[in-house]
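Colleague: I should like to go through this model with you, one part at a time. Could you take my questions as they come?

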Amino acid sequence: MLTYTLRRLMTAIPTLLLISLVIFLLVDLAPGSPLSEVPLTVPPEVRRKMLEAMGADQPVMVRYVLWLKQFFWIEPLYGIDGLLGTDFAGGAQRIISWQSKVPVFQIIGERLPQTLTVVGTAYFIGVLIALPIGIYSAYRQYSWFDQAGTFFAMAGFSVPTFFTGNVLILVFAVKLGWFPTIYDTNLKVTDWDSFYRLVMQMALPVTVLALFNAAEISRYTRSSVLENLGQDYVRTARAKGMGERVVLLKHVLRNSLIPVVTVIALGLPTVFGGAIVTEQIFKINGIGAALIGAINVSDLPTVQTITFIFAVLIVLFNLIADILYGILDPRIRYD
Amino acid sequence: MADGAAPVLDVRGLKTVFHTRSGEVHAVNSVSFLLRPGELLGVVGESGSGKSVTMMSLIGLLPSPPADVRAGEVLLGGRDLLKIAPRDLQSVRGAKVGFVFQDPMTSLNPVFNVGNQIMEPLLKHKGMTKAQARDRAVELLELVGIPDAAKRLKSYPHQFSGGMRQRVMIAIALACDPDVLIADEPTTALDVTIQAQILELVKELRAKLGMAIIWITHDLGVIAAIADRVMVMYGGQVVEHAPVKELFANPSHPYTRALLKTIPSIAGEREARLQVIEGQPPILTGEPVSCPFRARCSHAMEVCGRENPLRRALDGRPVGEGHDVACHWSSPEVAHA
């Protein structure tokens with residue numbers, strides 16, 4: 001298992017390098033200039049100097065190699081320095097946002113926690129709702145519970161989050177006034193009162209995302225449990241005199257979780273993508289909002305870095321899915 | 001085997017019905033049989049004759065709905081299994097009645113090691129500690145002839161061959177020293193040499209442990225090799241029942257006779273074509289009011305179409321104890337050659 005994990009980590013490196021190159025080239029091909037927001041009255045020679053200062057006049061391959069070095073070497077050094085108070089980086093050039101002229105990782109450090117709180121909570125709640133619903137729907141197939149579950153899953157899955165989000169805002173924030181419409185990024189949790197306010201402002205976006213995720217995952221769980229309930233080993237377990245609880249929650253569940261875990265692990269990175277939309281609607285100043293803002297002003301280093309971080313997350317969760325797979329199913333332990 | 005001993009299992013008038021869209025299917029119709037301690041009862045019949053459904057009905061293994069065990073008594077150790085609570089039935093399954101199924105490739109849970117699966121009933125029914133259960137599991141694996149048993153406890157089903165898995169299944173079924181072992185075509189999915197090994201193993205275990213066995217099969221050769229008594233089923237009913245020698249020497253039901261003719265012979269008869277029973281087994285929708293075999297029977301008479309024959313003793317002993325048959329044609333009153 002350990003060798004397998006290490007081998008998978010090794011193969012992830014060329015994959016990520018290739019992804020980074022593709023992202024870099026594609027983003028570079030996109031139209032727009034980093035100076036599009038600079039007033040036209042600024043003389044050309046000043047503009048040229050500005051481009052030089054940003055390093056934007058360099059050929060794309062030079063910028064790519066530089067970015068690689070910064071991303072994989074210099075930024076981690078700054079990270080270590082920040083944690084341990086050392087000075088490994090020695091003031092080396094970081095990845096700088098063309099728009100705000102601050103290090104991109106500083107922006108990410110400010111924005112990512114907002115996203116993680118909302119997306120992470122939503123995903124966690126989504127899974128927590130989905131698993132029991134999926135399992136019970138399968139166990140009581142075609143019961144009213146299963147029918148209701150099917151209906152809500154279909155609804156939840158087919159209605160996009162930007163629609164449910166707006167509906168929820170309209171009903172619960174605007175009409176009823178139960179929840180705030182705007183997410184306060186500066187809110188620091190210091191006491192029960194501020195925690196309550198955090199919960200209130202998270203309620204709507206988390207609900208939207210959690211329901212969407214729960215709809216998908218509960219469907220997968222249901223079909224997987226259904227498939228396993230008909231297997232011969234279930235009959236064997238019953239013939240051994242095992243109670244229904246053991247049959248369902250031990251024998252069936254362990255087998256059913258194998259495909260579900262893949263869906264859950266691989267779904268998490270895509271949730272970041274979905275969260276970009278939700279962040280816009282609920283005005284959460286998260287990583288998605290930062291990405292959209294950077295795209296709007298052709299802030300290439302920020303766009304490339306954030307997009308690449310999404311790619312890293314996808315590769316990482318792929319790996320996690322594979323490892324969990326091996327843990328759950330002895331047939332695919334690779335040792 | 002002793003004729004007079006009190007039966008461990010006494011099944012009377014068992015009726016199981018499946019509710020389907022095209023109506024009620026009478027899969028098991030008034031099946032009665034008994035099983036004495038240490039005895040091996042062979043149950044033969046083609047696919048769909050109700051063999052497996054009968055045995056699964058006994059201990060509530062059929063999913064309900066669609067199955068509905070409608071009538072009858074299943075007396076095991078003085079208790080009627082059809083009347084006790086589901087929870088009590090759980091303590092019978094695996095403890096008093098062991099089950100071995102047809103396909104060892106799918107009957108074990110792929111994600112738990114075999115030690116875990118053997119120990120499960122021990123922990124539940126025998127109240128053993130984990131250490132005790134582990135010792136017993138090693139013992140069981142040795143009993144069914146798996147070498148290096150202590151190490152193999154940690155192996156997963158996919159690391160065993162088909163024959164080995166069936167041995168593990170037998171170990172699970174025998175874990176709690178059941179009074180009755182029900183083997184539902186345990187050798188059908190195995191190749192011939194492994195079949196022979198499993199048969200030998202079961203004979204050996206039976207001599208050693210003395211449990212009663214119900215052996216379901218459609219292989220008459222297997223029956224001849226191991227059974228004490230044979231019950232032939234057709235269309236959800238027992239059509240003939242006899243001690244094994246008597247059945248092979250003196251088959252009375254046209255279906256039994258036809259079945260015996262389908263066995264290919266090694267000596268002679270090279271010129272003759274292999275015999276088959278023409279036609280399909282019946283679909284048992286609706287209350288059975290006629291002989292289920294009449295459509296394929298070469299001796300069918302007018303009475304066969306309007307009256308479902310009851311089991312009738314042929315040798316003076318009570319039905320279910322000696323040789324009996326459910327057939328209008330082979331009844332003593334009907335004169336035939």
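**Working through the two chains**

Modeller: Let us begin with helix 8 of chain B, residues 192–209. The helix has 18 residues, which at 1.5 Å a residue should span 26 Å, and its end C-alpha atoms are 25 Å apart, so the two values agree. Please bear in mind that this is a predicted model.

Colleague: Which residue follows helix 8 of chain B, and what is its phi?

Modeller: The residue is B:Gly210, and its phi is positive, near 70°.

Colleague: What about the rest of chain B: how many helices and strands are there?

Modeller: Chain B has 11 helices and 12 strands. The C-alpha trace spans about 65 × 50 × 45 Å along the principal axes of chain B, and 46% of the 337 residues count as buried.

Colleague: What would the radius of gyration be for a compact globule of 337 residues, and what does chain B have?

Modeller: A compact globule of that length would have a radius of gyration near 20 Å; chain B has 21 Å, which agrees. As for contacts in chain B between residues at least 6 apart in sequence, 65% join residues at least 24 apart.

Colleague: Turning to chain A, what is its secondary structure?

Modeller: Chain A has 11 helices and 0 strands. Its C-alpha atoms fill a box of roughly 85 × 60 × 40 Å along the principal axes. Of the 335 residues of chain A, 33% count as buried.

Colleague: Which residues of helix 10 in chain A are buried?

Modeller: In that helix, residues 287–296, the buried ones are A:Ile287, A:Gly288, A:Ala289, A:Ala290, A:Leu291 and A:Ala294. Just after helix 10 of chain A comes A:Ser298, with a positive phi of about 55°.

Colleague: Into which domains is chain A divided?

Modeller: The division gives domain 1 (12–84) and domain 2 (104–332). The centres of these two domains of chain A, taken over C-alpha atoms, are separated by 33 Å.

Colleague: Last topic: how many residues has the largest nonpolar core, and which have the most contacts inside it?

Modeller: The largest nonpolar core has 157 residues, and those with the most contacts inside it are A:Leu209, B:Ala171, B:Val180, B:Leu181, B:Ile213, B:Ile214 and B:Val239. Helix 4 of chain A, residues 104–139, provides the largest share of this core, 14 residues. Domain 1 and domain 2 of chain A each give at least three residues to this core.

Colleague: What does B:Leu181 touch?

Modeller: Leaving aside residues up to four places away in sequence, B:Leu181 touches B:Gly98, B:Val100, B:Ala173, B:Leu174, B:Met211 and B:Ile213.

How values were computed: Residues numbered from 1 in each chain as written. Chains lettered and ligands numbered in written order. Predicted model: local features only at pLDDT ≥ 70, side-chain atom pairs only at ≥ 80, totals over all residues. Core = buried A, V, L, I, M, F, W, Y, C linked by C-beta atoms within 7 Å. Buried ≥ 20, exposed ≤ 12 C-beta atoms within 10 Å, placed from the backbone. Helix = DSSP H or I, 4+ residues; strand = E, 2+ residues; numbered from the N terminus. Domains from an automatic or database assignment. Contact = placed C-beta atoms within 7 Å. Rg over C-alpha atoms; globule rule 2.2 N^0.38 Å. Expected span 1.5 Å × (residues − 1).
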